[in-house]
Amino acid sequence: MKQLHLAAVHQAQGSIALPGSKSISNRMLLLAALASGTTEIRDLLVSDDTDRMLDALKLLGVPLHHQSKHSWQVTGADGRFPVKQAALFLGNAGTVFRPLTAALAFSDGDYQLSGVARMHERPIGDLVDALRLTGAHIDYLHNPGFPPLHIRPGKIVFDQPIRVRGDVSSQFLTALLMALPLTGQDCTIEVEGELISKPYIEITLNLMARFGVQVSREGWQRFQLHAGSRYTSPGVLQVEGDASSASYFLAAGAIGGGPVRVTGLNAQSIQGDVRFADALALMGADIRYGDNWITASGNGKPLRPIDLDCNHIPDAAMTLAMLALFADGTSTLRNIASWRVKETDRLTAMATELRKLGAEVEEGADYIRITPPARLTAGAAIDTYDDHRMAMCFSLASLGKVDVIINDPDCVAKTFPDYFQQLGTLLS
């Protein structure tokens, strides 16, 4: 197994140009593929997850032109994929698997969708149940409720609202919202239970509107799409810098004195994880905003502990768990049950690895409580569970003036292939 040894450091300072947002990149690619007209997408994230979407769209017959490293031209299929039979391998990319499942359910074709072993452990039953209510024909190839899937043509009828659970993954609702305009019919989605990760739904609705489809909603419980809705290319789109990735560098600035500036993002970002900066400010960091940047600095004192509902920033909340090691008391992160159905069970994984660094950790069903040690344990070998965010979070431990070993560091390729090189430019 490959290991990366990170030397003890005490300072972080400098500037980082953020890679494109994964959530925005894959949504833009799929919407461009389903639209009429040609869309140019600039600053697209280069990563394993976007590669899975691009590979799938190519297999489905969508014309793609690679203009430069971060720029793609997509000629839309106007609501129907040209290729009607395909086997798609989608890795561990939830932002590909869930939306494509819904889009292909309305594409009158015969498709098999599979991924890595972990993807086959990530639940998709609530989405499949919702799609079956419309008449979509979807079968499980192995375990009910989980990929891989077999999708065949079905008779789509909307004679009742589509009901979907909102408390497992917001990607189920995103998938339905993005796919239902393909039917051309009036349809209503009713969310059962509390909708988690609402900012990700806001990203979806924002991008759908850019492609000409407006969604009416009553709070977060009822969404309505109107007959005749149709995606149309907006021409040229720019992907924002990734707010989840920004969290690691902003955190480094808070721990390591700073200032650390991230560019490609500002306070008006459509990504919910930009609010990580608010949580960082609660912990005592100095946060400043500009037209296309955010800067974080420390004040020379330990961070303040926090007790925070993190439902609105589930990915960036992992970085808060790491920051808890640098606080002067016990921190509690709440409403994070969605961690358990991500690339790994992040609640258990985070608790296990934080303990290696000397922390006292209480792991609940939907919360984690962290009491930092007087001094971090040096030389800890951190397991990353094939989870990019585990690797990136625990890289910050080296700012506790201890060396740390990251096992399987290449897992960051899922969203940020050169993360460690970029981080290294800030540390001393």
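Me: Happy to start with a loop. Where does Pro148 lie, and what makes the bond from Pro147 to Pro148 cis?

Reply: Pro148 sits in the loop that runs between strand S8 (137-140) and strand S9 (149-152). This is a predicted model, and in it the peptide bond from Pro147 to Pro148 has omega near 0°, the cis form. A second case is the bond from Gly258 to Pro259, cis as well with omega near 0°. Pro259, however, belongs to strand S15 (residues 257-263).

Me: Why are S4 and S14 at the edges of their sheet?

Reply: The open sheet has four strands in the order S4-S5-S3-S14, and its pairing is mixed. Strand S4 (64-68) and strand S14 (236-238) each have a single partner strand, so one side of each lacks a neighbour in the sheet. On average, neighbouring strands here are turned by 20° against each other, direction ignored. Helix H1 (residues 22-34) lies across S3, S5 and S14, and runs at about 170° to S3.

Me: What makes Lys414 and Asp49 a salt bridge?

Reply: The cut-off is 4 Å between a side-chain nitrogen of Lys or Arg and a carboxyl oxygen of Asp or Glu. For Lys414 and Asp49 the closest N and O atoms are 2.8 Å apart, so the pair qualifies. Side chains of opposite charge can pair when their charged atoms come close.

Me: How do you know that Asp126 and Arg165 also pass?

Reply: Their closest N and O atoms are 3.9 Å apart, and the limit is 4 Å, so this pair is a salt bridge too. The pair links distant parts of the chain, with Asp126 in helix H4 (residues 125-132) and Arg165 in strand S10 (residues 162-165), 39 residues apart. Glu121 and Arg118 form another salt bridge, at 3.3 Å from N to O. By this rule the count comes to 26 salt bridges.

Me: Which domains does the chain have, and what area is buried between domain 1 and domain 2?

Reply: The domain assignment gives domain 1 (3-19 + 240-425) and domain 2 (22-228). Their C-alpha centres lie 29 Å apart. About 1900 Å² is buried between domain 1 and domain 2, with carbon and sulfur atoms giving 49% of it. Ile270, Val341 and Lys414 supply 32% of the area that domain 1 buries against domain 2, more than any other three residues.

Me: How many residues of each domain are in contact, and how many residue pairs are in polar contact?

Reply: Contact involves 25 residues of domain 1 and 23 residues of domain 2. Between the domains, 12 residue pairs are in polar contact, both residues being at pLDDT 80 or more. The rule also finds one salt bridge across this interface.

Terms used:
Residues numbered from 1 in each chain as written. Predicted model: local features only at pLDDT ≥ 70, side-chain atom pairs only at ≥ 80, totals over all residues. Heavy atoms only, no water. Pairing = 2+ DSSP bridges. Helix = DSSP H or I, 4+ residues; strand = E, 2+ residues; numbered from the N terminus. Axes fitted to C-alpha atoms, helices over the stretch in contact; angles between N-to-C directions. Contact = heavy atoms within 4.5 Å. Domains from an automatic or database assignment. Buried area = accessible area lost by both parts, 1.4 Å probe. Polar contact = N/O pair within 3.5 Å; in protein donor to acceptor, adjacent residues only side chain to side chain.
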